[in-house]
Amino acid sequence: MTIHTTFADLGVPAPLIRALAAGGIDAPFPIQIRTLPDALAGRDVLGRGKTGSGKTLAFSIPLVARLASAKRRPARPTGLVLAPTRELATQITATLQPLAAAHGLKVTTIFGGVAQSRQVAALNSGVDIVVACPGRLEDLMRQR
């Protein structure tokens, strides 16, 4: 007998379920089944898995759910995801953006090797979630 668990069963808010479905995702992966209830309740979780196992959604869904009611302030993002490489930062942003958009949240990516001006402008205009590589983030923080 197989028990099917849905995103709704795990406590994922309806706007996020719709955003996931629009992206062709209608059933949670094992790591999401194990972590989402605790993460959505605000508890710390630790999970690991292979590439493609659903880790990014396992932390993105609770992040967006928690920030959905936060008020946006220029130059004061409320969510931060650190990524070791620009490629991973870009992939995380691509996963986060449709979820964030479901709640009217803005996401930006910050990494080195490109001009800072667009990144600074995005921060100053008001973003809710920053996906950043530590080096460039540290540079921008030093510059205030």
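Analyst: H3 and helix H4 (residues 86-101) pack with their axes 10 Å apart, at an angle of about 35 degrees. Axes are lines fitted to C-alpha atoms, for helices over the stretch in contact, and angles run from 0 to 180 degrees between N-to-C directions. Helices (H or I, at least four residues) and strands (E, at least two) are DSSP runs, numbered from the N terminus. This is a predicted model: local features need pLDDT of at least 70, side-chain atom pairs count only at pLDDT 80 or more, and totals for chains, interfaces and linings use all residues. Residues are numbered from 1 along each chain as its sequence is written, and side-chain values use heavy atoms, with hydrogens and water left out.

User: Which hand does the crossing of H3 and H4 have? Which residues make the contact?

Analyst: The crossing of H3 and H4 is right-handed. A crossing is right-handed if the near helix is turned clockwise from the far one by less than a right angle, and left-handed if anticlockwise. H3 brings Thr 56, Leu 57, Phe 59, Ser 60, Ile 61, Leu 63 and Val 64. H4 brings Ile 92, Thr 95, Leu 96, Leu 99 and Ala 100. Contact means heavy atoms within 4.5 Å. By class, the contact of H3 with H4 has nine nonpolar, three polar and no charged residues. Ala, Val, Leu, Ile, Met, Phe, Trp, Tyr, Cys and Pro count as nonpolar, Asp, Glu, Lys and Arg as charged, and the others, Gly among them, as polar.

User: Why are H2 and H3 called roughly parallel?

Analyst: The axes of H2 (residues 30-40) and H3 (residues 55-67) cross at roughly 20 degrees and come within 9 Å. Angles under 35 degrees count as roughly parallel, over 145 as roughly antiparallel, 65 to 115 as roughly perpendicular and the rest as oblique. H2 and H3 are therefore roughly parallel. H2 also passes H3 in a right-handed crossing. By class, that contact has nine nonpolar, two polar and one charged residues.

User: What makes Thr 109 buried?

Analyst: Its relative accessible area is 18%. Buried means under 20%, exposed over 50%, partly exposed in between (1.4 Å probe, protein chains only). So Thr 109 is buried. Thr 109 lies in strand E2 (residues 107-110).

User: Which side chain does Thr 109 join in a polar contact?

Analyst: The side chain of Thr 93, at 2.6 Å. A polar contact is a pair of N or O atoms within 3.5 Å; within protein, one must be able to donate a hydrogen and the other to accept it, and residues adjacent in sequence count only if both atoms are side-chain atoms.

User: Are Thr 108 and Leu 105 buried or exposed?

Analyst: Thr 108, also in E2, has a relative accessible area of 11%, so Thr 108 is buried. Leu 105 is in the loop between H4 and E2. At 8% relative accessibility, Leu 105 counts as buried.
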